[in-house]
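I opened the model to look up one residue and two chain contacts. My entries follow.

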There are 4 protein chains.
Amino acid sequence: MGGENIPHHCGVFGIYNHPQAARITQLGLFALQHRGEEAAGICSSDGDELHLIKGQGLVGEVFNDGSFDRLPGNHAIGHVRYSTAGSSILTDTQPYKVEYSRGQIAIGHNGNLVNAQILRAQLEAYGSIFGSMMDSEIFVHLIAKPAYRSHEEGIVESVKRVVGAYSLVILTEEQLYGVRDPHGLRPLCLGKLGDSYVLASETCAFDLIEAKFIREVEPGEVVVIDRKGVRSHFPHKGMEGMGHQISQCIFEHVYFARPDSRIFHDNVGLVRERLGHQLAKEHPAKADIVIPVPDSGTFAALGFSRESGIPLSFGFIRNHYIGRTFISPTEAGRSIKVKIKLNPIREMVEGKRVVVVDDSIVRGNTAKNRVKLLRGAGAKEIHMRISCPPHVSPCYYGIDFPSKKELIAANQSASMIRKFLEVDSLGYLSLEGMLAATTQPPSHFCTACFSGKYPTPVFDEQDKLKPENKKVKCRGA
Amino acid sequence: MGGENIPHHCGVFGIYNHPQAARITQLGLFALQHRGEEAAGICSSDGDELHLIKGQGLVGEVFNDGSFDRLPGNHAIGHVRYSTAGSSILTDTQPYKVEYSRGQIAIGHNGNLVNAQILRAQLEAYGSIFGSMMDSEIFVHLIAKPAYRSHEEGIVESVKRVVGAYSLVILTEEQLYGVRDPHGLRPLCLGKLGDSYVLASETCAFDLIEAKFIREVEPGEVVVIDRKGVRSHFPHKGMEGMGHQISQCIFEHVYFARPDSRIFHDNVGLVRERLGHQLAKEHPAKADIVIPVPDSGTFAALGFSRESGIPLSFGFIRNHYIGRTFISPTEAGRSIKVKIKLNPIREMVEGKRVVVVDDSIVRGNTAKNRVKLLRGAGAKEIHMRISCPPHVSPCYYGIDFPSKKELIAANQSASMIRKFLEVDSLGYLSLEGMLAATTQPPSHFCTACFSGKYPTPVFDEQDKLKPENKKVKCRGA
Amino acid sequence: MGGENIPHHCGVFGIYNHPQAARITQLGLFALQHRGEEAAGICSSDGDELHLIKGQGLVGEVFNDGSFDRLPGNHAIGHVRYSTAGSSILTDTQPYKVEYSRGQIAIGHNGNLVNAQILRAQLEAYGSIFGSMMDSEIFVHLIAKPAYRSHEEGIVESVKRVVGAYSLVILTEEQLYGVRDPHGLRPLCLGKLGDSYVLASETCAFDLIEAKFIREVEPGEVVVIDRKGVRSHFPHKGMEGMGHQISQCIFEHVYFARPDSRIFHDNVGLVRERLGHQLAKEHPAKADIVIPVPDSGTFAALGFSRESGIPLSFGFIRNHYIGRTFISPTEAGRSIKVKIKLNPIREMVEGKRVVVVDDSIVRGNTAKNRVKLLRGAGAKEIHMRISCPPHVSPCYYGIDFPSKKELIAANQSASMIRKFLEVDSLGYLSLEGMLAATTQPPSHFCTACFSGKYPTPVFDEQDKLKPENKKVKCRGA
Amino acid sequence: MGGENIPHHCGVFGIYNHPQAARITQLGLFALQHRGEEAAGICSSDGDELHLIKGQGLVGEVFNDGSFDRLPGNHAIGHVRYSTAGSSILTDTQPYKVEYSRGQIAIGHNGNLVNAQILRAQLEAYGSIFGSMMDSEIFVHLIAKPAYRSHEEGIVESVKRVVGAYSLVILTEEQLYGVRDPHGLRPLCLGKLGDSYVLASETCAFDLIEAKFIREVEPGEVVVIDRKGVRSHFPHKGMEGMGHQISQCIFEHVYFARPDSRIFHDNVGLVRERLGHQLAKEHPAKADIVIPVPDSGTFAALGFSRESGIPLSFGFIRNHYIGRTFISPTEAGRSIKVKIKLNPIREMVEGKRVVVVDDSIVRGNTAKNRVKLLRGAGAKEIHMRISCPPHVSPCYYGIDFPSKKELIAANQSASMIRKFLEVDSLGYLSLEGMLAATTQPPSHFCTACFSGKYPTPVFDEQDKLKPENKKVKCRGA
């Protein structure tokens with residue numbers, strides 16, 4: 001699925017009390033770049049005032065040496081995001097920074113609120129104006145309510161009103177906050193670097209800056225970091241109607257997170273290996289070699305190979321130069337467009353029975369084209385193995401899957417898909433098998449995109465509660 | 001003074017009912033480029049939704065052919081601005097566009113509010129958040145008050161609460177507004193182009209697009225343009241404490257506006273010629289030639305030459321390639337920095353008694369260096385003539401003069417300035433002489449920067465009313 | 001004609017023995033920017049090796065602070081050029097630098113050779129390869145002939161073989177050369193800045209860097225500047241068939257050079273004023289005002305006004321923001337395209353009999369459109385006065401006039417042109433009148449574009465000598 | 001070694017008779033991007049004239065959609081190159097195109113001549129001028145010799161005079177040439193795409209454009225492709241003193257070429273797997289896991305794992321966003337600089353005995369830092385295995401290894417290196433073992449960088465023949 005370009009959602013980072021706060025934040029964002037390639041921003045605080053630079057592009061493009069003179073101070077937060085095509089990109093870039101009655105505040109958000117439209121309508125009815133489509137702007141409007149006496153109270157009270165997925169980093173003049181929704185849908189980790197505290201979506205950011213992982217921010221927790229140290233709130237505790245059920249996004253393990261990260265109490269690479277082992281148990285194949293679709297299928301393919309005893313082979317070569325700068329000629333045939341990214345090695349696959357391991361199938365076209373490439377390179381049999389169950393439902397929590405209409409598995413049976421892909425066999429990992437690959441209780445994960453069971457109410461466009469999978473118009477990421 | 005780079009403030013443009021609204025707006029902004037070189041923006045409406053593109057740079061840099069596909073619709077407003085160095089430039093670029101309870105609205109502002117801080121504090125106390133330092137954001141917060149029933153009511157009521165200078169263009173889904181403060185401090189004109197109505201800071205924008213000038217928007221008027229045609233409100237009529245005295249910025253005539261524009265019921269070029277005539281009457285000189293400091297002193301020099309009978313000569317050549325791209329080497333001497341812009345022609349001035357006509361003296365250093373250049377080129381006598389009175393007070397209405405401390409005339413007598421500049425004589429035009437150059441009653445102009453008499457109350461940084469000239473921290477332009 | 005955009009040809013600069021040679025060269029090129037806006041280059045020598053940076057764009061775009069670290073050394077030459085549309089711009093950018101048997105050499109050329117094709121064919125026949133279409137490459141091939149014993153001998157001998165217009169700056173590891181063709185078609189001046197010697201196309205470059213003008217390089221002179229000082233060669237002296245007749249391009253005075261420059265022993269601005277005086281004598285008019293087409297007609301208009309007693313007025317305003325960044329919408333009408341550059345002031349011209357002074361008419365369309373603008377602004381009568389004779393013949397010496405077919409005066413009588421332009425009267429300055437405006441003997445100027453009399457043989461495309469005006473394919477500028 | 005950034009040399013591509021020649025060339029260069037990331041160029045022929053676009057940057061940066069309108073014609077060649085830091089990059093970009101007596105010619109070169117200085121001196125002695133430091137310019141000077149009667153004769157005769165490594169693509173108005181030096185040091189392949197013939201450094205370029213591989217251009221062969229079809233010359237046949245010994249660069253297999261390419265009659269990926277098998281035989285280890293240094297060590301690690309039975313594991317994660325845009329803060333510690341590229345997965349290596357497989361060690365610092373990372377991640381034992389012998393001698397054939405002084409293996413024994421790296425054991429593959437990994441006779445490979453035995457004479461800087469390994473100043477790549 002790596003090849004189908006499911007847009008990554010967002011990554012957040014924060015640091016408190018470091019003389020090079022903005023520079024360290026840049027490094028942290030660089031490590032989180034895979035979570036958002038379209039825009040990046042850093043907001044720093046010098047104790048009195050917040051300073052902000054953001055722009056379109058990769059971290060290395062948005063910031064240069066000169067940037068850091070304009071980002072003074074010992075505290076900072078940062079954000080990388082992917083951006084829906086056609087949207088007013090710059091306006092919707094984060095962190096989102098404002099001034100209000102109690103001072104300055106900036107916020108970076110990973111996730112998606114499901115009651116965004118309702119909240120917005122309510123706020124507007126009281127005179128609020130909105131300059132963007134971002135959920136972070138909603139958060140700030142809620143926080144700015146005059147009744148609260150401090151940034152802290154505003155933040156703690158506000159999160160009670162929002163529903164959905166959110167891992168937040170929030171910066172004020174003198175405080176750094178880390179917030180995670182009660183379901184813990186998106187990851188957020190707490191670390192320490194000398195005398196500084198750091199927050200990051202994934203631990204790979206800690207590795208790069210050589211910070212020590214302390215623990216994950218807990219679902220439903222608001223972590224406050226300031227001069228006095230670190231303290232926690234659990235604003236939803238005892239709130240009626242809140243199931244408080246932990247429901248972490250399993251697809252972070254399957255696809256999004258970096259394999260060297262630790263999230264949801266497991267190393268991602270190891271989970272993927274175990275997905276491969278499980279897959280080999282559930283869907284064995286008589287084959288000569290196992291090849292991954294790089295890079296997303298690499299770990300699962302290794303697991304499959306080990307479990308099955310079928311030798312691993314690198315039958316596809318990925319071209320890493322592909323990027324926003326190279327646009328394939330519009331006249332180029334479809335197969336060239338696929339090959340620009342992946343090229344099969346004939347010498348590896350010719351005459352062989354091949355197991356191909358990938359992380360997922362979304363629309364099916366990309367997978368089909370890769371099968372064609374392998375056939376063209378002489379593969380005798382092709383057995384496709386997918387390290388998660390079929391995708392049948394949309395995600396309302398920040399992942400931009402195509403609509404149900406376009407999801408092949410929502411519309412076709414496994415056998416139809418097998419025929420469509422023209423493979424000799426096709427095996428999806430079972431829901432149970434997938435959940436078994438982590439060390440956590442199965443009930444601690446959100447599997448909505450596979451099962452249609454959503455951990456929160458979801459709303460239709462008229463803001464009416466609906467049973468499930470009609471997608472709300474998302475306002476953020 | 002052209003050489004001292006007083007930042008121009010802003011220019012606004014609007015058009016209603018034209019199939020190429022955004023393109024025409026681009027042309028209009030191009031004609032108004034002298035009013036703001038740092039940033040430009042266009043917001044268009046397709047009847048349902050507003051579309052916005054803005055960025056740093058000249059009009060020709062911010063927009064390209066592709067821009068206009070992303071600015072659909074028959075109505076549009078545009079803005080050019082200069083931007084305080086170091087400010088978060090992109091955030092403060094206009095038009096400022098938001099969504100609120102009654103729909104979408106975008107606003108472009110030329111001027112400066114003097115009660116911005118008070119309004120902001122009040123709004124924040126009720127939960128408003130501010131993402132920028134722009135007055136246009138204050139306007140929108142006021143307009144968004146839930147009590148009003150329409151965009152129109154919101155706009156009409158809001159302008160009653162603001163104090164200061166504002167010429168506004170406002171765009172909603174289906175309406176275009178032109179607003180001018182009760183003092184008429186900044187210009188705003190209404191025109192017609194076929195079936196379309198247009199608004200612009202200066203008529204030179206109408207000339208370029210071949211629109212017909214109808215009239216100036218009147219001080220205190222809110223013009224509403226929509227499907228039903230054009231109608232007017234005068235929200236301040238009868239408001240207590242409003243002197244309603246017309247008080248147009250005389251410095252628009254002296255320096256800011258383009259000489260081919262008609263504003264405040266006069267052609268700017270003709271006014272400048274008359275300033276020159278008046279100057280020659282008040283401060284005659286025995287001299288061989290009259291030379292302008294190009295381009296700002298050109299018209300006044302012509303008037304001086306005609307009145308005095310002393311031949312005009314072009315003794316300075318201006319290099320028009322100078323711009324943001326050419327940075328003079330830091331090692332370069334001061335005289336090189338002046339010469340990069342202006343070079344004297346030795347053959348024109350050598351051995352001559354020279355009258356030099358410029359529009360103003362601010363700090364005095366630039367003028368002094370030019371005098372040196374002329375001496376170096378062999379001028380025998382130098383008689384400096386300035387086509388306005390000495391600048392002694394700050395402007396709170398959108399012009400970024402240096403602080404009183406830096407204004408040479410606020411701190412030194414004319415005779416001291418003469419010595420400082422090392423000229424043989426120095427003559428400033430009198431206040432009366434300056435006002436006599438227009439066809440309007442003298443009382444219709446704001447002369448605060450020359451006289452210290454402000455047409456509105458002005459506030460200090462603690463938001464306390466103060467008698468006069470302590471400058472408030474400006475929030476907009 | 002300023003409005004018709006006759007491409008300027010080129011400007012050259014050189015400096016010997018200055019610790020900031022490249023930076024001073026940048027300043028010099030900036031002053032010469034009007035001679036070439038499309039590309040710029042600087043080559044410096046550190047005594048051992050030459051260093052080169054060149055690129056497309058204005059001087060301020062091609063070089064930045066970092067450039068000068070990569071241009072070390074005490075000697076440098078620079079070049080600005082205009083570039084024929086569509087040509088491989090970068091390849092043809094100068095200075096042209098090579099290594100050959102006697103070391104390294106770089107050359108900057110202003111002018112055009114008329115025997116370029118013949119020389120090229122001869123050189124190729126002996127095995128030379130050509131990487132560009134530039135004449136400077138031909139020069140270097142000639143210089144590299146093995147027979148010569150030094151750079152100096154190579155240069156002195158080579159110029160004997162070329163025919164046409166050339167003002168050259170040449171840099172070797174330890175020497176700077178200035179070369180001017182025997183006709184002196186293009187200007188080249190020698191100056192001194194402290195202990196450094198400088199060369200420049202025009203003296204305005206000396207003014208900016210505060211160098212002292214010494215003298216012009218003489219027609220036919222090769223100036224050598226090195227450790228031993230300055231010495232001269234006159235390679236053509238006594239050569240058979242060389243008329244040695246000075247024949248300087250009169251159009252430099254009429255249009256190309258900057259008015260503050262001194263070239264061909266006269267100040268350009270003064271010559272233009274005298275052209276205006278002469279024009280008023282030859283073609284008086286009954287009129288109310290004289291207005292220049294800015295900026296090219298400004299000085300001549302002043303002269304016309306003084307001579308005729310008709311008051312000068314600034315009836316056209318030029319928009320200096322126009323540049324490569326602003327592209328007028330293709331849908332825009334023709335009159336908008338003209339107005340984007342120049343706008344008439346109705347209040348100045350309405351109801352008036354107007355004399356319009358411009359430097360030349362090439363195709364006639366631009367002039368016609370300006371006449372329309374004036375009529376639209378209410379001018380009662382329009383009397384067009386041109387400060388040179390009609391253009392009837394192409395230039396083979398570096399000015400890119402349109403072909404004879406497109407030159408309106410080569411195909412129509414003055415009376416037909418008058419009707420085409422729809423003016424009430426039209427007056428071109430006479431050849432004699434034009435020549436009388438300088439202080440030099442009339443015979444010292446090339447007037448080929450007006451008279452068809454070329455100071456050198458000119459060749460057709462088959463490299464056959466031809467009587468006159470069939471244009472050779474030019475290879476340089 | 002991937003981490004030590006040995007600059008790749010160059011890649012070449014050519015196509016004859018395709019309506020989209022330039023676009024296909026762009027695709028071909030994109031597939032060859034790993035051979036040169038610093039600059040790219042395409043030259044096309046429309047039958048009459050050659051057209052050229054080249055520039056700094058990746059293929060996707062140098063060319064855009066508009067480029068192809070300026071590259072018309074059915075034939076084209078292309079080139080990607082890496083460029084020595086600080087060199088006048090643009091000047092040395094290829095293809096190199098010139099005009100000479102027999103028409104136009106463009107050349108793209110992969111390799112390095114060892115008698116470049118001698119040839120250059122000879123050519124200069126006869127009057128040649130050199131605008132660049134590229135070997136391709138030397139080729140063209142040789143070809144342009146007047147004695148030859150055609151492009152073809154010039155090319156065939158010229159290659160007899162050069163000594164060294166060269167795989168060339170040459171384009172004339174109506175012909176495409178592919179040339180490979182008699183030793184076959186660099187690869188060059190011939191393919192067919194419909195009615196078109198194609199040439200490419202590696203077959204991965206054929207895969208992308210869906211061309212069929214025909215055969216490799218043979219060592220010493222000149223392939224001429226034109227209207228009449230394909231024909232061959234072997235210019236060196238029978239030449240005295242030419243050993244004609246095939247001597248292909250073994251390091252193409254070890255490191256440079258893409259694993260999906262077929263060069264020198266073998267698939268690169270398979271060769272690398274066999275290097276790993278061989279390595280496991282020669283240097284077994286008692287260990288728990290085998291991990292590659294991605295991506296350069298991946299295939300050899302797989303081979304090692306298979307041969308040894310020790311499980312493969314992906315213990316390092318590579319960040320592919322690293323590129324020219326991201327510059328690590330100068331303040332960052334050394335370990336951060338290494339981690340920015342590679343991050344170890346603690347969960348994979350902690351407490352394990354680890355075999356690390358990489359392709360080579362050059363200076364040793366990068367390897368040392370990676371060892372530190374693994375120790376930091378908890379590895380118990382580290383056994384480093386290198387899939388080639390120690391590098392002890394410079395390459396004169398186009399690979400920019402550091403000087404002998406900097407090559408760790410040229411100065412230290414294996415046991416010293418082991419201590420320096422702080423590994424528990426270190427094993428380099430033997431020369432014989434390396435050569436055994438291909439299917440070709442061992443004598444068919446150049447192993448100079450490992451053995452110091454050069455297949456050609458090599459010259460010192462005074463152009464004297466020298467026994468071996470004093471490096472000539474290279475002039476090309």
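Which helix of chain B holds Phe420(B)? I found Phe420(B) in helix 14 of chain B, residues 414-421. Helices here are DSSP runs of H or I with at least four residues, strands are E runs of at least two, and both are numbered from the N terminus.

Before going on, I noted that this is a predicted model, where local features need pLDDT of at least 70, side-chain atom pairs count only at pLDDT 80 or more, and totals for chains, interfaces and linings use all residues. Residues are numbered from 1 along each chain as its sequence is written, and chains are lettered from A and ligands numbered from 1 in the order in which they are written.

Phe420(B) counts as partly exposed because it has 17 C-beta neighbours inside 10 Å (20 or more would be buried, 12 or fewer exposed, with C-beta atoms placed from the backbone).

I then listed contacts (C-beta atoms, placed from the backbone, within 7 Å). Leaving aside neighbours within four places in sequence, Phe420(B) touches Gly364(B), Lys368(B) and Gln412(B).

I turned to chains D and A. Their contact takes 42 residues from chain D and 41 residues from chain A. On the chain D side, helix 9 gives the most, with four residues.

Last, I looked at chains B and A. Here 20 residues of chain B meet 20 residues of chain A. Strand 5 of chain B gives the most to the chain B side, with three residues.

Note on methods:
Contact = placed C-beta atoms within 7 Å.
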